[in-house]
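My plan is to look up a few things, one entry at a time.

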Amino acid sequence: MDIQTLTNYFLEYGAFFIFVIVLLEYLNLPGFPAGVIMPLAGIWASQGEISFPMVMILSVAAGLTGSWALYLLGRTGGTRLLGWYFRKFPKQRPVIEEKIRFLREKGCVGVFVSKLLPMVRTLISIPAGMVKMNFVKYTVSSALGIFLWNLLFVGAGYFFGEAAIRIFS
């Protein structure tokens, strides 16, 4: 899928498109990678199609919504889900149990740092729910990590996107 197609989606669906794509990514569901959408949203903001603060609000809201859903999944069914996963992939048990221990020891700092790491940033929500981390603290640490991660990508699109498009066009 090229930039023109994505731009057409944005023009057709507007800001809702950004929210949905980022939400899908934070839910770990297939869709357009937010690592492509967020810089593109930054480019749209630089061109005046949408405001930069609005892109940030939408992307953080979508990230939090997806993170809350996975947190609740971990809190309500995480133990059963993990049991099933360990039966399917027994070699990964020590690594995952180490990550859960890390989360219990580091708490909010562990969530914040995890939200800044590729792949881990979406999955950390499930073990956070499993260890029954305080929801308000989880939300604050998640929001800060999501904000920084999204700021990096949206800001890159805002400041460098036009030049990148000219180079690769």
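**Entry 1: the largest pocket.** I began with the open space in this predicted model. The largest pocket has 22 residues in its lining, and those nearest its centre are Ile96, Lys99, Leu123, Ile124 and Pro127. I then asked which elements give two or more residues to that lining. They are α4 (52-88), α5 (93-106), α6 (108-114), α7 (120-123) and α8 (125-130). The largest share comes from α5, with six residues. For the volume of the largest pocket I noted about 680 Å³. I also sorted the lining by residue kind and wrote down 17 nonpolar residues, three polar ones and two charged ones.

A reminder to myself on how such spaces are found: rolling a probe the size of a water molecule over the atoms shows where empty space is left.

**Entry 2: the whole chain.** Next I stepped back. How many helices and how many strands are in the protein chain? I counted nine helices and zero strands. Read from the N terminus on, the elements run α-α-α-α-α-α-α-α-α. Along the principal axes, the C-alpha atoms fill a box of roughly 50 × 30 × 25 Å. The protein chain has 169 residues, and 41% of them count as buried. I looked at contacts with a separation of 6 or more as well, and residues 24 or more positions apart account for 75% of them.

**Entry 3: α4 and α5.** Two packed helices are described by the angle between their axes and the distance between the axes. I looked up both for this pair: the axes of α4 and α5 come within 10 Å and cross at roughly 150°. That angle is over 145 degrees, so α4 is roughly antiparallel to α5. Which residues meet here? From α4 I listed Leu82, Tyr85 and Phe86, and from α5 I listed Arg93, Ile96, Glu97 and Ile100. The residues of this contact divide into five nonpolar, no polar and two charged.

**Entry 4: Ser125.** I went to helix α8, where Ser125 lies. Is Ser125 buried or exposed? Its relative accessible area is 0%, under the 20% cut-off, so Ser125 is buried. Not counting residues up to four places away in sequence, Ser125 touches Ser67, Leu70, Tyr71, Lys115 and Tyr138. I checked Leu73 too: it is 52 residues from Ser125 along the chain, and their C-alpha atoms are separated by 8.7 Å.

**Entry 5: Gly129.** I stayed in helix α8 for Gly129. Gly129 is buried, with a relative accessible area of 0%. Leaving aside neighbours within four places in sequence, I found Gly129 in contact with Tyr71, Gly74 and Arg75. Tyr71 was already on my list of residues that Ser125 touches. I also looked up Gln47, which is 82 residues from Gly129 in sequence and 40 Å away in space, C-alpha to C-alpha.

**Entry 6: Ser114.** Ser114 is found in helix α6. With a relative accessible area of 5%, Ser114 is buried. What does Ser114 contact, leaving aside its neighbours within four places in sequence? I wrote down Val120, Arg121 and Ile124.

**Entry 7: a backbone angle.** I finished in the loop between α8 and α9 (135-168), where Lys132 lies. Most residues other than glycine have a negative phi. Lys132 is not a glycine, yet I read a positive phi of about 55° for it.

Conventions
Residues are numbered from 1 along each chain as its sequence is written. This is a predicted model: local features need pLDDT of at least 70, side-chain atom pairs count only at pLDDT 80 or more; totals for chains, interfaces and linings use all residues. Side-chain values use heavy atoms; hydrogens and water are left out. On a 1 Å grid over the protein atoms alone, a cavity is a set of points where a 1.4 Å probe fits but cannot get out, and a pocket is an open set with protein on both sides within 12 Å along at least five of seven lines; lining residues have an atom within 4 Å of a point. Grid points are joined across faces, edges and corners, and a volume is the space filled by probe spheres set on the points. Helices (H or I, at least four residues) and strands (E, at least two) are DSSP runs, numbered from the N terminus. Ala, Val, Leu, Ile, Met, Phe, Trp, Tyr, Cys and Pro count as nonpolar, Asp, Glu, Lys and Arg as charged, and the others, Gly among them, as polar. Axes are lines fitted to C-alpha atoms, for helices over the stretch in contact, and angles run from 0 to 180 degrees between N-to-C directions. Angles under 35 degrees count as roughly parallel, over 145 as roughly antiparallel, 65 to 115 as roughly perpendicular and the rest as oblique. Contact means heavy atoms within 4.5 Å. Buried means under 20% relative accessible area, exposed over 50%, partly exposed in between (1.4 Å probe, protein chains only).
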